[in-house]
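Good morning, colleagues. Please take a moment with the sequence and the model before we go through them together.

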Amino acid sequence: MARVTFISVLLLTLVSLGLAMVRTPNYAADIKRAQQLQGSSKNKRNSVPAGYVAAPYYPTPPGGWVSNWTAAYAKAQKVVANMTLAEKVNLTTGVGEDMGRCVGNTGSALRFGIPNLCLQDSALGVADTDNVTAFPAGITVGATWSKALAYARGLALGAEARGKGVNIQLGPVVGPMGRKPRGGRNWEGFGADPVLQAWGGAETVKGIQANGVIATIKHFIGNEQEAYRMDIIPHGLMQAISSNIDDRTLHELYSWPFAEAIRAGVGAVMMSYNDVNGSASSQNSMMINGILKDEFGFQGIVMCDWLAQISGVGSALAGLDMAMPGDGDIPFFGLAYWAYELSTSVLNGTVPLSRLNDMVTRIVATISRVPLVLTSTHSKTLRRGMLTRDYQWYQLGQDQDYPPPNFSANTANPTGLCYPAAVFSPTCVTNEYVNVQADHFKVARNISREAITLLKNINNTLPLSTSAVLKIFGSDAENNPAGPNACSERACDTGVLGMGWGTGTANYPYLDAPIDAIKRKAANVTYYSSDSFPSGLTATASDIAIVFVNSDSGENQDTVEGNDGDRSASGLYTWHGGDALVEAAAAKYATVIVVIHTVGPILVENWIDLPSVKAVVFAHLPGQEAGDSLTDILFGDYSPSGHLPYSIPVAESDYPSSVSLVGFEFFQVQDTFSEGLYIDYRYLNKHSIAPRFAFGHGLSYTTFSRTSATITAVTPLSSTPPTRASTGSTPVYSTAIPPASEVAWPAGFNAISRYLYPYLDDPQSISSSGTFNYPTGYQTTPQPDPPAGGDQGGNPALWDVMFTLSVNVTNTGKFAGKDVVMVFVQYPSDNPWDTPIIQLRAFEKTDTLAAGEGEVVTLQITRKDLSIWDVVSQNWIIPVSSTAPFLFWIGDSSANLTLACESLSGKCSDGRALPVVAPKSG
Ligand code: NOJ
């Protein structure tokens, strides 16, 4: 949820001032309300187009059966078995929007050393605070095609999060995937391909979690457009957009990177705002219970996106483990779907105690305990018995020396309100200004540099000489005159674009603007700080014009220059008349270099073929290191090695209309993924539509040869994977409903108004009489083991290596540089399933190769890489053929694949005709 503005906080506070100085809940009314809201009316959603089904999937598979979580679960079980109902509920529910230092804050269980846990954005840095690094965005990491850099960034991100006391970092993002080129948040993820996204996500998770910080892979699933993403309150008025995704597409595209992140051990998953197939993601039993927890064997915490919870019992039964930020429909009123309501629904038997125990065991197993220093803040709101020092080790090891938060997401001041949303709040230390940047600028700069993608370079225009006469145009070259953080959550496009807008941002400690870096490097530089081409310029033949343009997007809570998150107004064109600026410069100067900072693909047809447009550089979203990383490339200190993480089409209409933004419909907007597997290059290839630049395209200052490819069969092909092992045992607890006294207000408790507590005024009055209208299909008998499951991420046999490929890469040019080797698979010609012609399945980036130097690159192809999701058997099937081979195409983009290896003959050759259309350039 958007950070709510001060004014709205104030208004809500004033409106509700008279309602409750200290909240005294009327639990009879609360129960009635809960039953109304949690019952059938809230679970009934609008109908979706035929064929798209959110089938019910109950009960929630409990966690604890995956072998490398066994120790954590065993220790968590000992703790959870001794918790009171209040302590358990506390851990599941946020304490309310703006009720703690972080964007999300759980309740605590201090008797066990578990403090309020701090959940904090973002995927590119610690958001809403100071003294952090503003790393390049996910899309920039994707453009490096470097697994090592993805990991290095994750490691640095996690170190900063830990240094600030963040327990759960709200990133990385692998959904959206970039299905819609205009989608607002594509830039937070790694590119328009499941395999590229998967590597970006999984390596980032590993890096973050190496610090003991829990990573959150988000948003599950189908968050492909920003407009209409949330329910409009009251919910009957308008439901969140429904992403209607068929089962095969869900498996082969959108859930692929989530499965890989789960396999990498990610500790948390955030559900998306949108519905999936007509059922809200926060309570979509098929997505949470079925896909995440059963098939993908996810053992960690499933949380909802901010204020996306729309029912209490429904979401609990569908598998949600943590409600964020805790509030019900409307924040700041002290009302919740869980907290005291969850206590009620467990006491009255509606939510099985086993489900609550599973939520809490997942949380405790994942987070571990933080050695806590009690502050006055803590002791006022959280005192519950004695703090023990009996630390134990859990999955992420946060029991050892983990710092509490030392910043506030609500204010930059050193002191401020402890609970900004409370009617009356004491004052606290809010910021200790801990500097966590270390030398992370280096990894940030490495990524920004390695992402830079050279699309066009006629006559070796680049690299430039430092003595060239340079005329620089466009406000995207300079800093926002009001400062790089002048706009909250970067919701403006003023100056160089280092990141999109929304909660996926961080404050810049500085923003090294390109013009400053160019001036540091080159002797003869004139800058025209305008997006209009100046009149009256005279150009000489040797002048070189560099034109900076950009294209921005972000999250739906802010509209920037008419764009409501998605690029709804600008389309895929550059902002601020960027195209006209390029054209004007091209009319004047013989040599024009275009530098583009962008959230995603843009259309370049207006100027790409102009004779004086000699070089085009995509610098993506470089974060704080926009300057030196660019000049490192422009002036030839490094050869570019970035490759496009998406295709650049000739026209937006080259894509199917189903990937356009969808507009208003009464009650609920339907977004039906009718193009199925055919997004980006998959669609263009199928319809023989030439892109302008192919997916993966990227030039270098040097040249590489790729020769002597080999293929080795490792595991014999079988159409179905070996049968998975059965699900193992999970913690067993007493099923007796706990004494109501466990959720009575503790004696003398000084409640903070509107803070969300697990306590009830008269818990003894709760009885199990009365009926609850359970969701359709609700059952308590466990589902049979899904055939595709068996471990974190799915059946472990899916990662069996089927083939190993190798190729010799040699730097045949004059510059040192790095090559990227990509492998695209083509299924056997007799494959009965309709399948994209080629699909990326593996890639590796070489080390820096000096001129003449070579490297043997090896790549692995797994069972999953060769499999198709069979919706009937609910399993991954390899279309094994004795006559038609799999072809493995090797090259450096989806259109430059010069080598091919065959599965059956075991032969590799070059010069084979590629079965896809050639791009217009590159
Ligand atoms: C909403 C965004 O969708 C999510 O990505 C973010 O983590 C939360 N708000 C918290 O700010």
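Is A339 buried or exposed? A339 counts as buried, at 1% relative accessibility; here buried means under 20% relative accessible area, exposed means over 50%, and partly exposed lies in between, with a 1.4 Å probe and protein chains only. A339 sits in the loop between α12 (313–318) and α13 (340–347). Its phi is positive, at about 50°, although A339 is not a glycine. Helices (H or I, at least four residues) and strands (E, at least two) are DSSP runs, numbered from the N terminus.

Residues are numbered from 1 along each chain as its sequence is written, and side-chain values use heavy atoms, with hydrogens and water left out.

Let me turn to confidence. pLDDT is the predictor's confidence in each residue, from 0 to 100. The mean for the protein is 91, and 91% of its residues reach 70 or more. Over residues 1–44, however, pLDDT is below 50, and this stretch has 85 contacts in the model beyond near neighbours in sequence; contact means heavy atoms within 4.5 Å. Residues 369–393 also stay under 50, with 71 contacts beyond four places in sequence. Where pLDDT is low, the predicted coordinates should not be read in detail.

Next, an open sheet. Its 6 strands follow the order β1-β2-β3-β4-β6-β9, with mixed pairing. The edge strands, β1 (104–105) and β9 (301–303), each pair on one side only. Two strands are said to pair if DSSP finds at least two bridges between them. Within the sheet, β4 (residues 214–220) and β6 (residues 268–271) run parallel and are joined by 4 bridges. The bridge partner of I217 in β6 is V269. Helix α8 (residues 194–209) packs on this sheet, touching β3 (168–169) and β4, and its direction makes about 150° with that of β4. For such angles, axes are lines fitted to C-alpha atoms, for helices over the stretch in contact, and the values run from 0 to 180 degrees between N-to-C directions. In the loop between β3 and α8 we find P176, which is joined to G175 by a cis peptide bond with omega of about 20°.

What surrounds helix α9? Its buried residues pack against α8, α10 (256–263), α11 (285–295), α20 (680–686), β24 (868–870) and β25 (875–877). Because 7 of the 8 residues of α9 (residues 247–254) are buried, the helix is largely enclosed by the rest of the structure. D246 caps the N-terminal end of α9, with a side-chain oxygen 3.2 Å from the backbone nitrogen of R248.

We move on to strand β20 (residues 801–811). Here 8 of the 11 residues are buried, so β20 is largely enclosed by the rest of the structure. β20 pairs with β19 (residues 704–713) in the antiparallel sense over 8 bridges, and A713 stands opposite F803. With β23 (residues 854–862), β20 also runs antiparallel, joined by 9 bridges; there, V809 has E855 as its bridge partner.

The loop between β19 and β20 contains S753. S753 is buried, with a relative accessible area of 4%, and its side chain reaches the backbone nitrogen of V423 at 3.0 Å. P426, in the loop between β10 (415–417) and β11 (427–429), is partly exposed at 26%. Leaving aside neighbours within four places in sequence, P426 is in contact with G416, L417, C418, Y419 and I752.

Two further loop positions deserve mention. P463 lies between β12 (453–457) and β13 (469–473), and a cis peptide bond with omega of about 0° joins L462 to P463. S688, in the loop between α20 and β19, has a positive phi near 50° and counts as exposed at 53% relative accessibility.

Finally, the record. An unreviewed UniProt entry annotates residues 819–894 as "domain: Fibronectin type III-like"; its positions are given in the numbering used here, feature names are shortened, and annotations may be inferred rather than shown by experiment. In the model, this span is 0% helix and 47% strand, and its end C-alpha atoms lie 15 Å apart.

Technical notes: Predicted model: local features only at pLDDT ≥ 70, side-chain atom pairs only at ≥ 80, totals over all residues. Polar contact = N/O pair within 3.5 Å; in protein donor to acceptor, adjacent residues only side chain to side chain.
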